[in-house]
Amino acid sequence: MPKIYNCSYPGCSNITCQEDGFCLGHSSREEKEKAIANIKKLLSEKKRIEGVCMSGIDISELELSGHDFYDCVFLGIRAENMSIENASFNLCFGDYSVFRNCIFKEINTRFSSFSGSFFEHTVIEDSNILQTNYNGATIKDSAFKSCDLYHSRFISSKIFKSKFYDCNLKRTYFLESKQEDVKFPYCNVEDAYFKREEKFLI
């Protein structure tokens, strides 16, 4: 995992990937443009992206489809009106990010985390989302369609007007989650955990 640091700007708790550096919000316009240009160049040159920090950037204009991300940090990213297909995210961390009007299709995710993130009008379909963490996330007007969510966690999440359609929920944890108008058609809800049962927790 790439090293991450707190922004050096007084009182800022955002993340930066440079020691004694600033988050993108407190960087100059030139520094932001340089950081995004470097990532675009990397994405155009390689399909496997390993150990890269993209924290704090707006990825909406990046082409992530077809890439294999491993051990990357995406903390606090923003993604709007974008589509990602046939991509893998293993051991990646995208906590406290914002996803709005996005479509993720044929995605493979394992041992990754999107804790505390915000999803709105976002659809994830035909994907394997294994052992992935959505704890504390807010999911609104969104859907998981035909996804394998084996051993993923939505603990203390807030889920509104959303649908889990034809998903594998074996050992999927929704403990302490707040749900309003959430539907689970064609899902094996009997294999998911909605109430705390200590014997199942590991």
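Colleague: What makes up the chain, in helices and strands?

Modeller: The chain has one helix and 17 strands. Helices (H or I, at least four residues) and strands (E, at least two) are DSSP runs, numbered from the N terminus. This is a predicted model, where local features need pLDDT of at least 70, side-chain atom pairs count only at pLDDT 80 or more, and totals for chains, interfaces and linings use all residues. Residues are numbered from 1 along each chain as its sequence is written, and side-chain values use heavy atoms, with hydrogens and water left out.

Colleague: Why is Ser88 called buried?

Modeller: Buried means under 20% relative accessible area, exposed over 50%, partly exposed in between (1.4 Å probe, protein chains only). Ser88 has 18%, so Ser88 is buried. Ser88 sits in strand E7, residues 88–90.

Colleague: Which residues does Ser88 touch, leaving out those up to four places away in sequence?

Modeller: They are His67, Asp68, Phe69 and Asn108. Contact means heavy atoms within 4.5 Å.

Colleague: What share of the 202 residues is buried?

Modeller: Buried residues make up 42%.

Colleague: Why does the radius of gyration agree with a compact globule?

Modeller: The radius is taken over C-alpha atoms, and the globule rule is 2.2 Å times the number of residues to the power 0.38. For 202 residues, a compact globule would have a radius near 17 Å; the chain has 17 Å, so the two agree. The C-alpha atoms fill a box of roughly 50 × 35 × 30 Å along the principal axes.

Colleague: How many contacts join residues at least 24 apart?

Modeller: The share is 6%, among contacts between residues at least 6 apart in sequence.
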